[in-house]
Amino acid sequence: MSLPRYAARRLLLGLGQVVAVAAAVFLLVEALPGDAAVSLAGDNPDPARIAQIRATLGLDRPPLERLLDWLAGLARLDLGVSIVSGRPVAGILLDGLEPTLVLAGLTLLVLLPLAVLAGVAAAVREGRALDRALTSVSVALYAIPEFALAIVLIAVFGVGLGWLPPTAVGVPGLLAEPAVLVLPLVVLLARPICSISRLVRAGMIDALRSDYVRHALRLGLPVPRVRLAHALPNALAPAVQQVARTTDWLLGGVIVVEAVFVIPGLGTTLTGAVDGRDLPVVQGLALVFATTTVLVNLVADLAAFRLAPRA
């Protein structure tokens with residue numbers, strides 16, 4: 001199958017998945033316990049006040065009618081209005097998107113070269129001291145949960161030594177004070193770099209043992225060229241899927257990291273919306289996360305198809 005035909009088929013499948021997820025998200029949020037109108041009415045809710053809020057927000061209409069209105073709004077890129085702040089949901093999401101994109105972009109920028117370099121270095125020295133050391137460090141680092149690593153880093157480098165800001169409180173922008181990014185980036189890099197480097201190592205070992213690599217070496221091609229131009233592309237194909245999952249995880253807001261370091265990204269927006277039962281914001285965030293997952297996996301599938309058409 002050609003790459004354009006494969007891309008068109010995956011794109012149509014992705015569109016169907018987004019529409020299905022949008023409808024499922026609406027129905028699941030509707031099924032959540034509690035009443036947003038009661039929450040907004042205060043500690044001693046008056047029934048008349050609750051009814052007024054429900055009528056104002058349209059919560060007294062049938063769910064199917066509101067679902068159709070919501071889907072029609074999505075076609076116009078209208079995600080609705082927050083029932084807590086009255087602001088457009090799209091504007092709220094854009095406010096939280098910038099910090100999350102900064103964290104995700106910088107993490108991937110550092111992660112990809114380091115993971116590939118570590119995986120290739122371990123593979124070409126399979127069974128030797130460097131391979132064993134990288135394997136031991138990867139296993140140990142991967143076993144540490146993000147929140148535990150974040151707390152240790154804050155305690156040591158933020159509070160104990162005072163070398164880095166422990167949180168982003170009072171910082172006007174993440175890029176305005178780059179030092180505030182160091183500890184979150186270390187936490188975000190810790191586990192993905194272990195998993196991706198292990199996949200690259202395994203793929204590289206298989207590729208170096210393959211017939212086409214041995215044939216290339218018998219032809220007298222330089223070893224670095226055989227490793228980088230012939231073995232590495234096939235070794236990267238399995239790791240691309242893991243990179244996609246990591247990207248999806250990063251763009252999903254990295255809720256724990258944002259909460260620990262008080263970063264106002266999408267994860268923080270989601271926790272605030274759930275606390276306030278701001279259903280339109282929750283629905284909008286769920287839709288953004290679902291669309292991101294579909295798009296990232298689409299790109300990963302195309303990249304894997306391009307790197308190894310047999311996969």
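Q: How many residues does the largest nonpolar core have, and which of them have the most contacts inside it?

A: A nonpolar core is a set of buried Ala, Val, Leu, Ile, Met, Phe, Trp, Tyr and Cys residues joined through side-chain atoms within 4.5 Å. Buried means under 20% relative accessible area, exposed over 50%, and partly exposed in between, with a 1.4 Å probe and protein chains only. Here the largest such core has 48 residues, and those with the most contacts inside it are Leu174, Leu181, Val187, Ile196, Met204 and Phe261. The model is predicted: local features need pLDDT of at least 70, side-chain atom pairs count only at pLDDT 80 or more, and totals for chains, interfaces and linings use all residues. Residues are numbered from 1 along each chain as its sequence is written, and side-chain values use heavy atoms, with hydrogens and water left out.

Q: With which residues is phenylalanine 261 in contact, leaving aside neighbours within four places in sequence?

A: Contact means heavy atoms within 4.5 Å. With those neighbours left aside, phenylalanine 261 is in contact with Ala150, Ile154, Pro166, Thr167, Ala168, Leu183, Pro184 and Val187.

Q: How is the protein chain as a whole to be read, and how many helices and strands does it have?

A: The protein chain has 13 helices and zero strands. Its C-alpha atoms fill a box of roughly 85 × 55 × 30 Å, taken along the principal axes. Of the 311 residues in the chain, 40% are buried. Among contacts with a separation of 6 or more, 72% join residues 24 or more positions apart.

Q: At what angle do the axes of H9 and H10 cross?

A: Two packed helices are described by the angle between their axes and the distance between the axes. Axes are lines fitted to C-alpha atoms, for helices over the stretch in contact, and angles run from 0 to 180 degrees between N-to-C directions. The axes of H9 and H10 cross at roughly 160 degrees and come within 10 Å. The two helices are therefore roughly antiparallel to each other, a term for angles over 145 degrees.

Q: Which residues make the contact between H9 and H10?

A: H9 contributes Tyr212, Val213, Ala216 and Leu217, while H10 contributes Val223, Val226, His230, Ala231 and Asn234.

Q: Is serine 138 buried or exposed?

A: Serine 138, found in helix H6 (residues 129-142), is buried, with a relative accessible area of 10%. Apart from neighbours within four places in sequence, serine 138 is in contact with Cys194, Ser197 and Arg198.

Q: Where does serine 195 lie, and which residues does it touch beyond four places in sequence?

A: Serine 195 lies in helix H8 and is buried, at a relative accessible area of 16%. Not counting residues up to four places away in sequence, serine 195 touches Tyr142 and Gln242. Serine 195 and arginine 227 are 32 residues apart in sequence and 21 Å apart in space, C-alpha to C-alpha.

Technical notes:
Angles under 35 degrees count as roughly parallel, over 145 as roughly antiparallel, 65 to 115 as roughly perpendicular and the rest as oblique.
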